[in-house]
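Thanks for coming. Please have the structure open while I speak.

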Amino acid sequence: MKQWFILAVLLLRSFQSLIAQDTLVISDQKEEYLLAKKPLYFYKDSSGLLDHGTVSRKEFTTGIIDQSSTDFKTSSFWLRFTVKNTSSSEKWVIELFDFGIENVAFYDIRKDTLIETGYSRPFITRGYRHKNFIFDLPIPPGETGSFLVKVSSSSGYGPVLKIRSNALFISYATNEYLLLGFYYGLLTLIISYNFFLFITIRDNSHLYYVFYVISIGLRSLQGDGLGFQYLWHSFPQINAWLNFAP
């Protein structure tokens, strides 16, 4: 009888250890966590038609996702992860970096809330007015939450996910937009200067260069998501058209 009791205790500890390994613990000691390098539970939906309720009852596979897998072109992937908040704040966000994900769904299992957005939907469907896909992680300190994220992308690349504290996200986003402003300011200066040269000396090569830089600028606006945020936010089909801008 004693041996059975010891065996049961060992199995329970192993089970608890397994659960701990599957749970991402966030704390005040670190403000950023990259999920791409961690084993995740995922489910491949070859039809791309299953909803969050159906998928939540499916059996998920665990492992590190191959970001370059061509399966992303033909199937939807559901990612499931659990986060335990041991920090002193509940203001955390999760960010998806791939700007070309056509369809994104974020499901909070505990609160039973669903947000659906993506590059193929109007920009207003996003909870955060940001070029990337940002979702709140509403986990009070000391509690645990589980979430599902659906991605489908014809670009063929899987999502890169990061969990950040709200304070770090604001700082990072501000600096990123500032640097992008310098970049597009430089492109505008190059376009203006070469157009002035074309008007002055009537050399067609400068006009060709103006069109070339404009096309590169449009492609950049499409690629980093700023164009969708500020220029054609109600016309997501333009995102696909501008792949041919160069």
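**The largest pocket**

Two helices, H5 (204-224) and H7 (237-241), each give at least two residues to the lining of the largest pocket. Helices here are DSSP runs of H or I with at least four residues, strands are runs of E with at least two, and both are numbered from the N terminus. H5 provides the largest share of that lining, three residues.

Before going on: this is a predicted model, where local features need pLDDT of at least 70 and side-chain atom pairs count only at pLDDT 80 or more, while totals for chains, interfaces and linings use all residues. Residues are numbered from 1 along each chain as its sequence is written, and side-chain values use heavy atoms, with hydrogens and water left out.

The largest pocket holds about 280 Å³ of space. Of its 15 lining residues, Gly100, Glu102, Tyr119, Gln222 and Asn243 are the closest to its centre. A pocket is an open set of points on a 1 Å grid over the protein atoms alone, where a 1.4 Å probe fits, with protein on both sides within 12 Å along at least five of seven lines; lining residues have an atom within 4 Å of a point. Grid points are joined across faces, edges and corners, and the volume is the space filled by probe spheres set on the points.

What classes of residue make up the lining? Eight are polar, four nonpolar and three charged. Ala, Val, Leu, Ile, Met, Phe, Trp, Tyr, Cys and Pro count as nonpolar, Asp, Glu, Lys and Arg as charged, and the others, Gly among them, as polar.

**Salt bridges**

How many salt bridges does a search of the whole structure find? The search finds five, each a side-chain nitrogen of Lys or Arg within 4 Å of a carboxyl oxygen of Asp or Glu.

One of them joins Glu32 and Lys162, at 3.4 Å from N to O. Glu32 sits in strand S2 (residues 32-34) and Lys162 in strand S11 (residues 161-165), so this pair ties together parts 130 residues apart in sequence. Lys162 is buried, at 19% relative accessibility, whereas Glu32 is partly exposed, at 28%. Buried means under 20% relative accessible area, exposed over 50%, and partly exposed in between, with a 1.4 Å probe and protein chains only. Glu32 and Lys162 also belong to a salt-bridge network with Glu95 and Arg164.

Lys131 pairs with Glu176, with the closest N and O atoms 3.0 Å apart. Lys131 is buried, at 3%.
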